[in-house]
Amino acid sequence: MRHLFRKIGFYLVALWAAVTVNFIIPRLMPGDPVDILLSKLGQRGPVTPETRKSIEALLGAGTHQPLWSQYTEYLHNLVTGDLGVSVTFFPAPVTSIIEQTLPWTIGLIGLATLISFVVGVGLGTLAGWKRGSWLDNLIPVTTMFQSVPYFWLALILLFALGSIWPVFPLNGGYDVYSVTPGWNGAFLRSVVYYGTLPALTIILSSVGGWMLGMRNMMVSTLSEDYLLTAEAKGLRPGRVMLRYAARNAVLPSISGFAISLGFVVAGSIVTEAVFSYPGIGSALLQAVSGNDYALMQGIFLVITLSVLGANLLVDLLYSVIDPRTRTRG
Amino acid sequence: MTLTTQAADPADTGATLAEPSRRRRSLPPMSTKLAIGLTLGGLILLFGLLGPYVTQDPSLVHDYGLTGPSGSHWLGTTQTGQDVLAQLAHATRGSLTVGAIVGVLTLLLSAFFGVVGAYAGGWVDEVFSLFTNVMLVIPGLPLVIVISSYVPDKSLWLVALVLSITGWAGSARVLRGYTLSLRNRDYVIASRVAGEKRWRILTVEILPNLIPLLASQVVFAVIFAILGEAGLSYLGLGASGSFTWGTMLYYAQNGLALRLGAWWWFVPPGLMLALFGAALSLINFSIDEIINPKLRNQTRAARRGWRMSRQQLAKAKEAGL
């Protein structure tokens, strides 16, 4: 129980830090983002006093309010779900844009990361179990894929499978012309078809890391005494591999999974840019290129929150599968 | 709390280190992996150092536009007739500069927060490790994107600074775990009993044992920085007026190099990124084998332990061991 409270306490601190970083950055930076944003909004239509007030709370209007009351107002707006109005997609509020784009990213990135994790850990188990086999020798090749930047691999795949042999579409999340979004077969098929190539790039460039980590842990675990005992007892090799070795060797990979989520999100922003995928990364880039600070801050907050949430989930799961972390206190 | 479990791992790796000479262990054994990595990395480093002096002006515009590789332009030209090879040389220098700056800064930051915190113990350790863990869960690249979008004119130094601020936490955590186990080793306790000063224990007794780990963390930091900078520049958020592998890819993408099939424009910078990354990972493999000798010695040691010849071992394997 104490362990659980410690974990939750840590995530509360991390949450507070993320929210505060989000509050401080626009106020520390040179220039006046509020003026830029308000003048941009003014070009699109009339700015109500409420909008102005919420943007000032979000980005820091400057002199006439002390920092502390700005901070409380900012927190109040966050709690009530007011993240301001987007300039790029005027007059949509930031929250509705995040609502539209987040499912795309979670679907694509989440699935691709899970597939990559499962495949990588599986192959790594086999490679560690049979050291020196062809699979083991394949590992340097897959880590080479890992040092290839996400977006370059994406560009090359796009060039090969989109331009030279047009197997896959060049960009987008679904066929905009012939299907309507919703829970119908044609739309879902289109989403899968358009998502295959982006998912493939993410899997190709991240599977090597999982493989290497798992393989090394397998090799370390295999030299433990209890594995010798298991073999001496005459257990089937398959059982020794999965129940004795892999089950213990997978633990660092699982805690690594939580840490890697941040990197996955980062890589996916660039991947989404290459494929013009309608996810949250593309929205962030549009916000950046349009100096849409409200949208930018909102998206940064949501990304941070999702990474924090995923980390918390993995942490809780970890204390279920590894009882040692619970007793350690 | 964490001490007991952390200590177990390096302690028994120490036991498996049964090589006769202590001195030889401080340098990685020259394997094929390491040789390939060093050669590849060295060549790219040389290209970045010397290339800009012998190639043409990378910004010089010619009126013949996009052309393929030829005698006068070995890697062809861009849409505006700029020499791709010259750009590649300058970009190599730019990217390596970012990597070097971030490598040094990450080393300092992670050593400070990881090693000093873990060695000092008490509330200093609590605060440092909390700070490290918070930095670790806040995603790096989105933060970099947000920060860099507020600053319109960025120097290469600023980009490197931002990348190292967001990138040091992982290394610090690794270093902390290892330092925690080191500070409770017998020889450290012995030197404490002997009355050595705290800073001397830290720099003379503990730090030398961390060198392989620090080296591998720096190599990771350099890979991370170069890839991160490339991603940032590819999104058009890199340092203004600089040449890096990322900016080359950005201009190639904007110049429709993909649609026009101008492979000589977008393949070289990406390939350089991949090769340099691969070279550094190969070097890191070799360092890993020092840190974790189980990865290196196990089969040989096992064979010796079982007193089996190579043939006997092969037979045993065939039998399904």
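What follows is a working chat about a predicted model with chains A and B.

Me: What kind of model is this, and which cut-offs apply to it?
Reply: It is a predicted model, where local features need pLDDT of at least 70, side-chain atom pairs count only at pLDDT 80 or more, and totals for chains, interfaces and linings use all residues. Residues are numbered from 1 along each chain as its sequence is written, while chains are lettered from A and ligands numbered from 1 in the order in which they are written.

Me: How many helices and strands in chain A?
Reply: Chain A has 13 helices and zero strands. Helices (H or I, at least four residues) and strands (E, at least two) are DSSP runs, numbered from the N terminus.

Me: And chain B?
Reply: There are 14 helices and zero strands in chain B.

Me: What share of the contacts join residues at least 24 apart?
Reply: Counting contacts between residues at least 6 apart in sequence, 73% in chain A join residues at least 24 apart. For chain B the figure is 71%. Two residues are in contact if their C-beta atoms, placed from the backbone, lie within 7 Å.

Me: Which residues have the most contacts inside the largest nonpolar core?
Reply: That core has 127 residues, and those with the most contacts inside it are A:Leu284, A:Met296, A:Ile299, B:Val222, B:Ala225, B:Ile226 and B:Leu249. A nonpolar core here is a set of buried Ala, Val, Leu, Ile, Met, Phe, Trp, Tyr and Cys residues joined through C-beta atoms within 7 Å.

Me: What does A:Met296 touch?
Reply: Not counting residues up to four places away in sequence, A:Met296 touches A:Leu284, A:Ala287 and A:Val288, along with B:Val146 and B:Ser149 of chain B. There is also a second, separate core of 21 residues, which includes A:Met217, A:Met218, A:Val219 and A:Val250.

Me: Switching to H1 of chain A. How far does it reach?
Reply: Helix H1 covers residues 2-28 of chain A, 27 residues, and reaches 38 Å from its first C-alpha to its last, close to the 39 Å expected at 1.5 Å a residue. The expected span is 1.5 Å times one less than the number of residues.

Me: Which of its residues are buried?
Reply: In H1(A), the buried ones are A:Ala14, A:Ala18, A:Asn22, A:Phe23, A:Ile25 and A:Pro26.

Me: Now H7 of chain B: how many residues are buried there?
Reply: In H7(B), 10 of the 14 residues are buried, so the helix is largely enclosed by the rest of the structure. Among them are B:Ser171, B:Arg176 and B:Tyr178. The end C-alpha atoms of H7(B), residues 169-182, are 20 Å apart, which agrees with the 20 Å its 14 residues should span.

Me: What about B:Thr106, buried or exposed?
Reply: B:Thr106 is buried, with 26 other C-beta atoms within 10 Å. B:Thr106 is in helix H3 of chain B. Apart from neighbours within four places in sequence, B:Thr106 is in contact with B:Ser164, B:Gly167, B:Trp168, B:Ser171, B:Val218 and B:Ala221.

Me: How do H3 and H10 of chain B cross?
Reply: The axes of H3 (residues 84-120) and H10 (residues 245-254) of chain B come within 7 Å and cross at roughly 135°. That makes H3(B) oblique to H10(B). Axes are lines fitted to C-alpha atoms, for helices over the stretch in contact, and angles run from 0 to 180 degrees between N-to-C directions. Under 35 degrees counts as roughly parallel, over 145 as roughly antiparallel, 65 to 115 as roughly perpendicular and the rest as oblique.

Me: Which residues make that contact?
Reply: H3(B) contributes B:Gln87, B:Ala91 and B:Ser95, and H10(B) contributes B:Trp245, B:Thr247 and B:Met248.

Me: Which residues of chain B does A:Ser147 contact?
Reply: Leaving aside neighbours within four places in sequence, A:Ser147 is in contact with B:Ile223, B:Ala274, B:Gly277, B:Ala278 and B:Ser281. A:Ser147 lies in helix H6 (residues 134-147) of chain A and counts as buried, with 21 C-beta neighbours inside 10 Å.

Me: What is the phi of A:Ser276?
Reply: A:Ser276 has a positive phi of about 45° although it is not a glycine. A:Ser276 is in the loop between helix H10 (237-275) and helix H11 (280-289) of chain A, and counts as partly exposed with 13 C-beta neighbours inside 10 Å.

Conventions. Buried ≥ 20, exposed ≤ 12 C-beta atoms within 10 Å, placed from the backbone.
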